[in-house]
Amino acid sequence: MSGKLMVNPRNAYGEALIDLGKKNKNLVVLDADLSKSTKTIMFAKRYPERFFEMGIAEANMISVAAGFASCDKIPFVSTFAVFATGRVYDQIRMDVAYSNANVKIFATHGGISVGKDGASHQMIEDIALMRVMPNMTVIAPSDATQTSKIVHLMAEQKGPMYARIGRANAPVIYSKKDVEHLKLGKGVVVEDGSDITFICTGTMVEPALEAHKILSREGIKARVIDMHTIKPLDEKLVLKCAKDTNGIITAEEHSIIGGLGAAVAETLADNGIQTKFLRMGIRDMFCESGEPADLMEKYELNTKHMVKKAKTLLKN
Amino acid sequence: MKGLDEKEIKEFELTAVKVRKHIIEMLYRAKSGHPGGSLSAVDALVALYFHHMNHNPKKPLDPDRDRFILSKGHAAPALYAVLAESGYFDVKELKKIRQINSMLQGHPVCKCIPGVEASTGSLGHGLSFGIGVALAGKLDKKDYRVYVMLGDGETNEGQVWEAAAVASHYKLDNLIALLDRNYLQIDGNTESVLRLEPVKDRWSAFGWHVIEINGHDFYEIIGALNKATNIQNCPILIILNTIKGKGVSFMENNVDFHGVPPNEMERNLAIEELTKVEKKLEAQL
């Protein structure tokens with residue numbers, strides 16, 4: 001990926017919060033002793049009176065955010081994905097989802113590319129956990145530009161929302177203009193193609209774009225969908241891809257159970273669509289410590305494996 | 001005490017009896033629910049809604065209102081009865097509690113029940129929710145206060161202590177917790193299930209101003225609430241020493257009535273007992 005502009009989506013999050021903080025005095029931000037990592041510290045420095053350090057007490061933080069929302073504040077709550085969902089499932093369920101509270105949970109460090117911290121910190125179940133929650137919107141932005149746009153949309157639209165990004169720097173996919181008309185719940189066709197479709201979310205979009213290039217050199221036209229919103233899923237687009245191309249591969253830095261792949265499979269099955277189909281993701285296991293790139297290779301979540309799987313799927 | 005005469009106290013007591021009668025009827029009809037912890041909480045709720053809190057049933061979303069959060073959500077019948085008697089919704093709704101297609105769910109739900117601030121039922125959340133409301137009030141420079149009722153058994157939950165630390169850290173003197181100290185939880189006495197004492201010292205150590213009173217004495221309850229409004233720079237805990245099942249002799253201090261509704265005979269006995277007290281109070285007024 002040399003030569004590509006790399007920007008950390010976490011910084012884009014921090015900058016977007018500052019921008020929103022200027023526009024809307026009802027925006028408040030909460031963090032649980034990870035503000036330097038989640039980048040909410042950028043907001044904290046600019047608007048200290050609207051930043052609330054909650055300490056290492058995530059359960060309390062989620063319920064506090066719901067209290068803020070009941071007073072027409074727009075709370076953005078941040079911590080690592082593992083603590084932002086699994087640890088506080090009941091608080092999100094009662095105080096956010098069941099209460100349909102306008103709380104925005106923005107998690108960083110999602111997926112296995114967290115790297116060396118190991119499986120304790122590699123959250124691969126969060127999308128599934130949040131997807132099963134009634135009233136919850138679930139989002140995984142794919143680059144810094146899209147992250148910024150999505151943070152703005154989250155603040156503008158009412159309702160409980162969960163978004164997750166990774167830890168690492170990410171290649172820039174979009175210009176500001178590209179994301180101008182982005183809508184939550186509406187997937188983006190980043191590259192068109194008629195042979196096979198990659199439906200990807202978050203950190204898996206960029207490797208799919210690379211796979212598209214390699215495959216096209218071999219005469220295979222791969223469509224790449226950036227499915228930034230996993231719930232509500234853009235079912236229309238999924239069905240269109242099933243019709244237009246000869247197979248679908250889903251890819252996510254998440255368990256193959258309950259995430260994007262599962263959502264797409266459910267949509268296909270519900271609509272009686274038979275197509276060649278493969279889910280790329282973590283196959284019902286915990287991973288391990290390691291360099292992000294080595295982990296993505298070992299757990300088959302990179303461009304090389306996408307190319308390989310696309311060819312195999314089309315051959316079968 | 002500011003203009004609080006004996007007649008007013010009798011009126012509160014009369015309201016409390018009416019609320020207790022509603023609770024018995026609701027639980028009897030629903031054939032499920034929690035009598036013990038509903039009955040113990042009644043007097044503090046009546047003091048808050050009929051005397052102390054700044055609220056208007058006609059404007060349940062008034063941004064300047066005082067807020068009450070029932071963290072021990074299983075005492076929903078007590079809250080619903082007090083809200084109905086205050087005028088938030090028709091008293092007739094009470095009969096429909098826990099029935100399909102009715103507004104009144106088994107545990108409180110905000111947004112669909114007028115006057116209910118937070119959805120509760122899973123224990124340990126309410127104090128944290130109250131912190132959010134209290135912090136928002138400070139941020140907006142509003143004068144409202146936030147009242148959160150906790151069950152004593154509920155304070156087994158770790159989240160309560162996260163909240164206790166945070167409320168104190170932010171010096172939330174607009175946050176008043178009321179602890180329904182009835183000494184009983186489902187598996188028995190609070191001290192044998194998971195020791196809570198020394199309750200006062202624990203909360204004091206967390207930086208709270210603690211007031212301990214008889215939770216069934218209106219003079220004491222209202223006195224403590226008044227005192228709480230004058231405390232500055234720290235959150236306030238009012239320990240309400242209460243009797244589980246208060247007001248119905250055979251339910252008092254009886255752990256079997258934590259989550260079991262009265263049968264027909266028990267309901268008749270309870271209503272008869274409460275009606276006697278009601279008649280007596282009415283005669284005195």
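Helices here are DSSP runs of H or I with at least four residues, and strands are runs of E with at least two. On that basis chain B has nine helices and seven strands. Chain A comes to 13 helices and 14 strands. The model is predicted.

**Chain B overall**
- The radius of gyration of chain B is 18 Å. The globule rule gives 19 Å for 285 residues, which is close, so chain B is as compact as a globular protein of that length.
- The C-alpha trace of chain B spans about 50 × 45 × 40 Å along its principal axes.
- Of the 285 residues in chain B, 51% are buried.
- Take the contacts in chain B between residues at least 6 apart in sequence: 76% of them join residues at least 24 apart.

**Chain A overall**
- Chain A has a radius of gyration of 19 Å. The globule rule gives 20 Å for 316 residues, again close, so chain A is as compact as a globular protein of that length.
- Along the principal axes, the C-alpha trace of chain A spans about 60 × 40 × 40 Å.
- Buried residues account for 57% of the 316 residues of chain A.
- Among contacts in chain A between residues at least 6 apart in sequence, 80% link residues at least 24 apart.

**The seven-stranded sheet of chain A**
- Seven strands of chain A form an open sheet with mixed pairing, in the order β3-β2-β4-β5-β7-β6-β12.
- The edges are β3 (51–53) and β12 (229–231) of chain A. Each has a single partner strand, so one side of each is left without a neighbour in the sheet.
- Neighbouring strands of this sheet are turned by 20 degrees against each other on average, direction ignored.
- Helix α4 (residues 58–69) of chain A packs on the sheet and touches β2 (27–31) and β4 (74–80) of chain A. The direction of this helix makes about 165 degrees with that of β4(A).
- Strand β4(A) is buried in seven of its seven residues, so it is largely enclosed by the rest of the structure.

**Strand pairing in that sheet**
- Five bridges pair β2(A) with β4(A) in the parallel sense. Leu30(A) has Val77(A) as its bridge partner in β4(A).
- β4(A) also pairs with strand β5 (residues 104–108) of chain A, in the parallel sense and over five bridges. Here the bridge partner of Thr79(A) in β5(A) is Ala107(A).
- Strands β6 (residues 137–139) and β7 (residues 161–164) of chain A run parallel and are joined by three bridges. Val138(A) has Tyr162(A) as its bridge partner in β7(A).
- In a regular strand, side chains alternate between the two faces of the sheet.

**Domains of chain A**
- The domain assignment of chain A gives domain 1 (6–171) and domain 2 (188–315).
- The centres of domain 1 and domain 2 of chain A, taken over C-alpha atoms, are 25 Å apart.
- Their contact takes 31 residues from domain 1 of chain A and 30 residues from domain 2 of chain A.
- On the side of domain 1 of chain A that touches domain 2 of chain A, at least two residues each come from α7 (126–131), β6, α8 (144–156) and β8 (170–171) of chain A.
- The residues of that side of domain 1 of chain A divide into 16 nonpolar, 10 polar and five charged.

**Contact between the chains**
- Chain B gives 19 residues to the contact and chain A gives 23 residues.
- On the side of chain B that touches chain A, two or more residues come from each of α4 (126–139) and α5 (158–169) of chain B.
- The largest share of that side, nine residues, comes from α4(B).
- By class, the side of chain B that touches chain A has nine nonpolar, seven polar and three charged residues.

**Backbone details**
- Most residues other than glycine have a negative phi, and most peptide bonds are trans.
- The peptide bond from Lys231(A) to Pro232(A) is cis, with omega near 0 degrees. Pro232(A) lies in the loop between β12 and α10 (235–244) of chain A.
- Glu197(B) and Pro198(B) are joined by a cis peptide bond, with omega about 0 degrees. Pro198(B) lies in the loop between α6 (190–193) and α7 (199–205) of chain B.
- Lys171(B) has a positive phi, near 50 degrees. This residue lies in the loop between α5 and β3 (175–181) of chain B. Lys171(B) has 14 C-beta neighbours inside 10 Å, so it counts as partly exposed.
- Asn233(B) has a positive phi, near 70 degrees. Asn233(B) is in the loop between α8 (218–229) and β7 (236–241) of chain B. With 10 other C-beta atoms within 10 Å, Asn233(B) is exposed.

Terms used. Residues are numbered from 1 along each chain as its sequence is written. Chains are lettered from A and ligands numbered from 1 in the order in which they are written. Two strands pair if DSSP finds at least two bridges between them. Axes are lines fitted to C-alpha atoms, for helices over the stretch in contact, and angles run from 0 to 180 degrees between N-to-C directions. Two residues are in contact if their C-beta atoms, placed from the backbone, lie within 7 Å. The radius of gyration is taken over C-alpha atoms; the globule rule is 2.2 Å times the number of residues to the power 0.38. A residue is buried if 20 or more other C-beta atoms lie within 10 Å of its own, exposed if 12 or fewer, and partly exposed in between; C-beta atoms are placed from the backbone. Domain bounds come from an automatic or database domain assignment. Ala, Val, Leu, Ile, Met, Phe, Trp, Tyr, Cys and Pro count as nonpolar, Asp, Glu, Lys and Arg as charged, and the others, Gly among them, as polar.
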